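Take a look at the sequence and the model below. This report walks through some of its features, one place at a time.

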Amino acid sequence: MFKKKIMTGFVIFMGAMWLCTVISKSYYTTKLPVVSTVSPEEKYIEHIVEADGIVVEGGRQAVNAPLGIRVKEVSVQAGDKVEEGDELFRIDLEDLKEIMAEKQSQISKLQLQINAVLENEEIARQKKELDEKRAREDYDAAARQKDTEVGRAAEQYAQAMEDLEDAIYGDTDGLSDEEIEERMNGLGEEEREQLKDALQNAAYAEADAKRDRDNAMRDAQRAVEDTLLPENADSSVAVAREEIRLLQSGLADYQEILNNEGIITAKTGGMITGIYVEAGSRIPDSAAMMLTDDSIPCQFKVVFDKEQRKYIGYGDEATVKLDGSGKEIEVTIDYISESQTMPGSFETLISLSEDGNSGNGKWVPGLSGVLKRAERGEKHRYCVSPLAVVTTSDKRTFVYVLKQREGILGEEYYVEEVNVKVLDKNESWVAIETEALDEDSRIIVSSDKEIGKGDVVRWIE
């Protein structure tokens, strides 16, 4: 009986303990973070590029008119479509005539200046010819005079030599040697010295005459050469003639406008994209208007960021859908480069069909749309939701994996960190690489509380 009571008490005790354990475990688990998991999947990481764009003109042309003439009336507005020959604006004819008269007056003044310069050049030419003629005459006169002086000096030298010889030798015909010697001895020393001095002076005079002749001829030759030197270069006539040419060209343009009664028309068809004049203003030193060139197909301009640029390049096929059109147009990327206006971005200009058919009317500059390109990408073994991947401030990337172990209250689930390498990603999937995962791994994608490595959690399948 006693044993029976003991057994009964033990059973009641164990039941109470079990009940307390169940209550404690239930209370404990209600405080744990609740997590949900997924298993890695094999997927193709598809990349879809969608970027806004706008239709721009394929070509533009400037509407020009002569600088400075006054506009009387502007006949179009920005956005207007015009055809070849349509009126764009009108010129003030009275102002035009005044400008033409002023230009003609300038031409007349310049022509008078040219005539004066040419006349002065002719006078200078004649004077130069006269100076040359006189210089040559002076040269010839100097030559004759100096040659005469040199000749006279040579004669004086010859006479002095003859006098000396006569004094020394005289007429020796029929004289014996003794008689000749006696005559020489009979000539006085003073007389011999005087004759020698006369001969020396005559030699000096001849040398001086030759020197004077050479100097005089050199100076006369230089005077002739000076008259043959070219005149200083003078570009005034050439400059004036060029000014006249430009003025006459401008007058021809003015005359054409005058003949057309001041009406400026479109040279080709297009759409007005810019107007830079107004009634009463004068034509600037730039385009008066800008309009598209209908002879060149429009283009679709799109700007990409760096991430989008990874998945779109030269030769890729894409689609364009314009606002108001239910049709997607197939296009090819035939140009892409770094943007000059938005550093760090890239832009493409896509040539559109020459017929201008957008699927709903004609191409119109300013029409917006969306370019779309899908790239299937590579197939990866382990792909998870972007919600499962954690990236720290130091660029470390990991996922939380659900693990199971024995705890105080029995089997429990806990969190483990697994470092991973991101291979590719899009908005829906992230391809990861690690040796610590397999197809059955339970990767945590959500938790109702903040969790960390080693935390015990409650798993909801």
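Start in a loop. K395 sits between strand 18 (389-391) and strand 19 (397-407). The model is predicted. In it, phi of K395 is near 70°, a positive value in a residue other than glycine. Most residues other than glycine have a negative phi. K395 is also exposed, with a relative accessible area of 70%.

What is the phi of E261? It is positive, about 60°, although E261 is not a glycine. E261 also belongs to a loop, this one between helix 5 (236-259) and strand 8 (263-265). Its relative accessible area is 54%. Exposed means over 50%, so E261 counts as exposed.

**Salt bridges**

How many salt bridges does the structure hold? The count is 25.

| Pair | N to O distance |
|---|---|
| D208 and R211 | 3.0 Å |
| R381 and E439 | 2.8 Å |
| R396 and E417 | 3.4 Å |

Take D208 and R211. Both lie in helix 4 (residues 189-228). They are three residues apart, about one turn of the helix. D208 is partly exposed at 35% relative accessibility. R211 is partly exposed too, with a relative accessible area of 43%.

Next comes the salt bridge of R381 with E439. R381 lies in strand 17 (residues 379-384), while E439 lies in the loop between strand 22 (430-433) and strand 23 (443-447), so the pair ties together parts that are 58 residues apart in sequence. E439 is partly exposed, at 39% relative accessible area.

Now turn to the salt bridge of R396 and E417. This pair links distant parts of the chain, 21 residues apart. R396 is in the loop between strand 18 and strand 19. That loop also holds K395. E417 is in strand 20 (residues 410-419). R396 has 33% relative accessibility and counts as partly exposed. E417 is partly exposed as well, with a relative accessible area of 24%.

Salt bridges can also join into a network. Which residues are linked in one here? They are R70, D95 and R282.

**A charged patch**

E162, D163, E165 and D166 form a negative surface patch. D163 is part of helix 2 (residues 93-168). Is D163 buried or partly exposed? Its relative accessibility is 34%, so D163 counts as partly exposed.

Strands of a sheet pair through backbone hydrogen bonds, either parallel or antiparallel.

Which residue of strand 15 is the bridge partner of K301? That partner is L349.

How values were computed:
Residues are numbered from 1 along each chain as its sequence is written. This is a predicted model: local features need pLDDT of at least 70, side-chain atom pairs count only at pLDDT 80 or more; totals for chains, interfaces and linings use all residues. Side-chain values use heavy atoms; hydrogens and water are left out. Patches are made of residues with over 30% relative accessible area and no salt bridge: like charges are joined within 9 Å, nonpolar side chains (Val, Leu, Ile, Met, Phe, Trp, Tyr) within 5 Å. Accessible areas come from the Shrake-Rupley method with a 1.4 Å probe; for residues, only the protein chains shown count as cover. A salt bridge is a side-chain nitrogen of Lys or Arg within 4 Å of a carboxyl oxygen of Asp or Glu. Lys and Arg count as positive and Asp and Glu as negative; His and the chain ends are not counted. The place of a charge is taken as NZ of Lys, CZ of Arg, CG of Asp or CD of Glu. Helices (H or I, at least four residues) and strands (E, at least two) are DSSP runs, numbered from the N terminus. Buried means under 20% relative accessible area, exposed over 50%, partly exposed in between (1.4 Å probe, protein chains only). Two strands pair if DSSP finds at least two bridges between them.
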